[in-house]
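Biologist: I have just opened this one and would like a slow walk through it. Could you take my questions as they come?

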Amino acid sequence: MAGEWIVRVEGQEYGPVDPDTLREWQREGRLLPENPVRKNGDHAWINASQIPDIFPIAEMPVATVPSRTLYQILAEAGRLYARGFFPFLVLTLLPSLPSFCAQLSAPVTGMSSNVPADLQSALAGGFSFLMLLLSVAAWPVFIAGIQIATADLMADRVVRIFDLLRRAILFWPRVAGLCLFVYGNFFFWTLLPVAVVIVVAMSGPSIASLFIALVVLAFQVWITARLFRNFLFWQQFAVLAGADMGQSLRQSKELARTACERPWYQRPLWRGAVLASLWCAVVMLLNLGPEWQMVQLYLQQLSTAPDPQAIIQSLANAKPHGLNLADLSLSLVQIALRPLLGISFVVLYFDAKKENPPIAVD
């Protein structure tokens, strides 16, 4: 990386500066991966993320991590999680803590007899809404932080929590925009078929309505699979590769489609599907315990009480109010394990990048 460089930020050019100055600017957050740079005397511009030793997050692990089986990916994710438990825990608490505060405030707001019930409801609703906004705002930082911390641990770099949060916050606008687009697509293509099925069901039972409902549900499965394939590695490309929003989506789709000539269990797409399925199974198991009693009661009421209104009233009366220690413990376990999915996908991303030609950032 000998020589001096010129940096362009919002149309203004700065430099020429030496590599040490570039490193200082990167540490201060003044030089981002997507900033155009060129060597002094050259006319070709490249992204700053392509300069060696300045943004090494996406480069070093690709060259050093050997190809892994799916079991080895899970084992490596567990090892990295254990090594960086405290930083991962702090990242997980960023979006989770506001949600817990909203839940803890519910019984507290109902205890005061001096405050009118309407005012209590308004205060509780306003506080819950504020906590929801904080949780949503912290989610992009959580996503970016998981990518950066995992890559640093894979490269045997020390993860310092305040430096990690500072670096993650720099990616907030890009990751937040991608979250809106990616999650918005999943939400829209989930809600629309369900709405169509409800409308068809309300028209009355018939062979035609049953056929239409099955076709719509099949379409929902197909479109969800397509979205999963296209968005498989968007987080990694947005943070680790320094790609912008459009490049992240395009390169994610390209990497997910690689290795088609290999057995299905060696392809990045199917490995990602297995990892996501395992996480869904863990979440279902953790949620099944607290809900099992309600499921049993529902089945019992369904066989003894033909009136739907009576069933709903019975379930409402049986549902515990306030905090439940067992439910709270299982929720904490689920939150503590949440980084494992993101860590696994980072390991999978580096394996896929190593097994296939790297995709350059324009």
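Modeller: Gladly, and I would begin with a term: a salt bridge here is a side-chain nitrogen of Lys or Arg within 4 Å of a carboxyl oxygen of Asp or Glu. Please keep in mind throughout that this is a predicted model.

Biologist: Which residues are linked with Asp-163 and Arg-166 in a network of salt bridges?

Modeller: The network links Asp-152, Arg-157 and Arg-167 with Asp-163 and Arg-166. In general, side chains of opposite charge can pair when their charged atoms come close.

Biologist: What about Arg-79, which residue does it form a salt bridge with?

Modeller: Arg-79 forms a salt bridge with Glu-76, and the closest N and O atoms are 2.6 Å apart. Both residues belong to helix 3, which covers residues 70-83, and they lie 3 residues apart, about one turn of the helix.

Biologist: Is Glu-76 buried or exposed?

Modeller: Glu-76 counts as buried because its relative accessibility is 11%, and buried means under 20%.

Biologist: Switching topic, what is the strand order in the open sheet?

Modeller: The open sheet has 4 strands in the order 2-1-3-4, and their pairing is antiparallel. Its edge strands are strand 2 (12-17) and strand 4 (46-47), each of which pairs on one side only.

Biologist: How many bridges are there between strand 1 and strand 2?

Modeller: Strand 1, which covers residues 5-9, pairs with strand 2 over 4 bridges in the antiparallel sense. Within that pairing, Val-9 stands opposite Gln-12, while Arg-8 has Glu-13 as its bridge partner in strand 2.

Biologist: And which residue of strand 3 does Trp-5 stand opposite?

Modeller: Trp-5 stands opposite Lys-39 in strand 3. Strand 3 covers residues 36-39 and pairs with strand 1 in the antiparallel sense over 3 bridges.

Biologist: Now the inside. Which residues have the most contacts in the largest nonpolar core?

Modeller: The largest nonpolar core has 48 residues, and those with the most contacts inside it are Phe-88, Val-175, Trp-234 and Tyr-349. The elements that give two or more residues to this core include helix 4 (85-109), helix 7 (172-202), helix 9 (234-239) and helix 14 (339-355). Helix 5 gives the most to this core, with 10 residues.

Biologist: What is Tyr-349 in contact with?

Modeller: Leaving aside neighbours within four places in sequence, Tyr-349 is in contact with Phe-233, Gln-236, Phe-237, Leu-240, Ala-241 and Leu-255. There is also a second, separate core of 10 residues, which includes Trp-5, Val-17, Val-37 and Ala-48.

Biologist: I also clicked on Asn-230. Which helix does it lie in?

Modeller: Asn-230 lies in helix 8, residues 207-230. It counts as buried because its relative accessibility is 18%, and the limit for buried is under 20%. Beyond neighbours within four places in sequence, Asn-230 is in contact with Leu-249, Ser-252, Lys-253 and Arg-257.

Biologist: Last one: what is the phi of Asp-156?

Modeller: Asp-156 has a positive phi of about 60°, although it is not a glycine. For background, most residues other than glycine have a negative phi. Asp-156 lies in the loop between helix 5 (117-154) and helix 6 (161-170), and it counts as exposed because its relative accessible area is 60%, where exposed means over 50%.

Definitions and conventions: Residues are numbered from 1 along each chain as its sequence is written. This is a predicted model: local features need pLDDT of at least 70, side-chain atom pairs count only at pLDDT 80 or more; totals for chains, interfaces and linings use all residues. Side-chain values use heavy atoms; hydrogens and water are left out. Two strands pair if DSSP finds at least two bridges between them. Buried means under 20% relative accessible area, exposed over 50%, partly exposed in between (1.4 Å probe, protein chains only). Contact means heavy atoms within 4.5 Å. A nonpolar core is a set of buried Ala, Val, Leu, Ile, Met, Phe, Trp, Tyr and Cys residues joined through side-chain atoms within 4.5 Å.
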